[in-house]
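Okay, hi everyone, thanks for making the time. Let me put my structure up on the screen, and then we'll walk through it together.

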Number of protein chains: 2
Amino acid sequence: MIKMLKYLSLLFVVFSMLHSCKQKATNDSSPSIEPSSRYESEPLPSWNEGETKQAIVNYVQSVTETGSADFIPVSDRIATFDNDGTLWSEQPAYFQLFFALDRIKEMAPDHPEWKDEEPFRSVLDNDLEGLSKQGLEGLMKVVMVSHGGMKSEEFKTQVREWASTAMHPTKKKLYKDLIYQPMLELLDYLKQNDFKVYIVSGGGTDFMRAFVTEIYGIPTERIIGSRISTEFKIENGKPGIYRLPELEFIDDKEGKPLNIEKIIGIKPVFAAGNSDGDLAMLQWTASNSYKNFELYVHHTDSIREWAYDRESHIGKLDKGLDEAAQKGWTVIDMPKDWKVIYPFELGN
Amino acid sequence: MIKMLKYLSLLFVVFSMLHSCKQKATNDSSPSIEPSSRYESEPLPSWNEGETKQAIVNYVQSVTETGSADFIPVSDRIATFDNDGTLWSEQPAYFQLFFALDRIKEMAPDHPEWKDEEPFRSVLDNDLEGLSKQGLEGLMKVVMVSHGGMKSEEFKTQVREWASTAMHPTKKKLYKDLIYQPMLELLDYLKQNDFKVYIVSGGGTDFMRAFVTEIYGIPTERIIGSRISTEFKIENGKPGIYRLPELEFIDDKEGKPLNIEKIIGIKPVFAAGNSDGDLAMLQWTASNSYKNFELYVHHTDSIREWAYDRESHIGKLDKGLDEAAQKGWTVIDMPKDWKVIYPFELGN
């Protein structure tokens, strides 16, 4: 129950944020800079030359070149990436929360009683202030009704259908188009150098698995996230895995290294995140006896994306920023380091 | 607590079994038949020609040949194997239980009080009857003291050291030598055909990971098992994952398909087990819309290994045997299907 409250309070601040949303301007009409093609042999084409790109390239070369003092065997080349705010945008709220709201609206015709019943009435009326007044209990209902109570494969189908049509409220793009082109190139670069690349995110495992493999080229079994409880049942001779309306594991903060150890069983040598929720994962990685690399995406681009850090209700980066400075971790400064933010800016 | 009791009762029957052990004769001096080398191109050299081998080869060919009506894309070629009794022996008790007993003896010099304190006194005196009198609570102490209370990496070092020297009580071989040569060849055959091969076992994840990658050639992240709870802590600036003396997840019965869905996220097309504890995993696999294969190892070899099934306290195969017959699953008859049991019989 405590962990559920923690999770919900997380979502709740997101809601507050959504409600009183004062996000900085976002601008799709930023000049369409033409970086070199993503597929040419030069790594990281959408990254500007500079310390950040050079640090990444130097690291990868030093641990992969045969005979290097810092060489890491392929079996130990584990790289873990947070997702929200690290591989795709997370403003003005986590994409998964928009899914929950959209899902409630889609389910509403089968639930005429929701018109007069909170928290559903507020969701259906787009009354986010009303919804936030329902508190944690109301939010819990929204999340559990939209994420639990169906078979695992049905849920994934619902997410997949949503992802193929739902539009981001301010960017007016499909959510899956709001991934970071430079980070896609980084994933590719690591994969080309025989790193096993994992997502280790606070987002829902099955939510991500439904469509994230396709956009990042990361196989299902390397997508790790938060989970709700499930149950195996045989009904009418057919076995099924049913999603229950209760949280089982929150893959955030110290949950990240714990899940990495449980599921991967090898300490990463490369980890990337964007918030204090990723700090434990980066600390765990930094304790590797192999040469290791810790990377923070610092959201500093109020023009092309969003700018937020220490005071943000979502993706708060405060302790992490201090520790990065203290330990010499690499911090991405988006306007300085990235030629483009999203793939559609490439104009291909 | 309920699941802990379940798990302990499982171990408990093993203890009873160990105590009143009437295992059938095992005979290392069985004629050293020379199968063709494990590495030649003909698959499954230690398998006798016959229905079982043919069924496996037919299946693999039918789902991997381009243009076949039953072709399965590489990303969906997931194969899951139980471990105890399926890939290595499990008599007269699970190998992990011998580890627990040996570990208590090794720790004893630091715990002089154990000489007068149950359940440790019984373990130190090799008095298994005395130990079984301590009931579940006593057994719980033995398991938790030997498996919890240390850092994750320390535990793996302890297991690795044990595995490199500890001898099986009746076979007088290292435990890691008591793996099934024909199953090793099956793992290889599937891997050569681009199956992702996983272990999904009731045994402890970290216990297996400590030395099982080496003997089966299965990477750490594809070894799934039961787990105790863990905690992430930073002490003196050093992050560590600490094993707590409590069970977190039991990877047995319906726990197997649940864990497969949580960790792999794809329904297997091939599954192998040897007991009713594997039945849910086989049922889940059998519900795959791809052509699928379910395999049971039936312990019928009282001469070279052990013979047990419906009445056994360990590796009980009763419902599974009925369902296999009813659904036409493949059941290995060890004396008939396997030329040798263990790799050392090859005489290489």
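Predicted model: local features only at pLDDT ≥ 70, side-chain atom pairs only at ≥ 80, totals over all residues.

Chain A holds 14 helices and seven strands. It has 348 residues, and 45% of them count as buried. Now look at contacts in chain A with a separation of 6 or more: 68% of those come from residues 24 or more positions apart.

Next, let's hop over to chain B and pick out helix H3, residues 95–107. H3(B) is 13 residues long, and from first C-alpha to last it reaches 18 Å, close to the 18 Å expected at 1.5 Å a residue. Which of its residues are buried? Quite a list: B:Phe95, B:Gln96, B:Leu97, B:Phe99, B:Ala100, B:Leu101, B:Arg103 and B:Ile104.

What does H3(B) pack against, then? One partner is helix H6 of chain B, residues 135–147. If you're new to this, two packed helices are described by the angle between their axes and the distance between the axes. Here the angle is about 75 degrees, and the axes are 9 Å apart. An angle from 65 to 115 degrees counts as roughly perpendicular, so that's what we call H3(B) and H6(B). On the H3(B) side, the contact is made by B:Ala100, B:Arg103 and B:Ile104. H6(B) brings B:Val142, B:Val143, B:Val145, B:Ser146 and B:His147. Sort that contact by class and you get five nonpolar, two polar and one charged.

Okay, now the two chains together. How many residues does each chain put into the contact? It's 27 from chain B and 27 from chain A. On chain B's side, the elements giving two or more residues are strands E3 (223–235) and E4 (238–249), plus helices H11 (255–264) and H12 (279–286). H11(B) gives the most, with six residues. By class, chain B's side divides into 13 nonpolar, seven polar and seven charged.

Last bit: symmetry. Rotate chain B by 180 degrees, with 0.0 Å of shift along the axis, and it superposes on chain A with an RMSD of 0.0 Å. The two copies are therefore related as by a two-fold rotation axis. In chain B, the C-alpha nearest that axis belongs to B:Ile263, 3.4 Å away from it. And the same surface serves both copies, with 100% of chain B's contact residues recurring in chain A.

Key
Residues numbered from 1 in each chain as written. Chains lettered and ligands numbered in written order. Helix = DSSP H or I, 4+ residues; strand = E, 2+ residues; numbered from the N terminus. Expected span 1.5 Å × (residues − 1). Buried ≥ 20, exposed ≤ 12 C-beta atoms within 10 Å, placed from the backbone. Axes fitted to C-alpha atoms, helices over the stretch in contact; angles between N-to-C directions. Parallel < 35°, antiparallel > 145°, perpendicular 65-115°, else oblique. Contact = placed C-beta atoms within 7 Å. Nonpolar A, V, L, I, M, F, W, Y, C, P; charged D, E, K, R; others polar. Least-squares fit on C-alpha atoms with pLDDT ≥ 70 in both.
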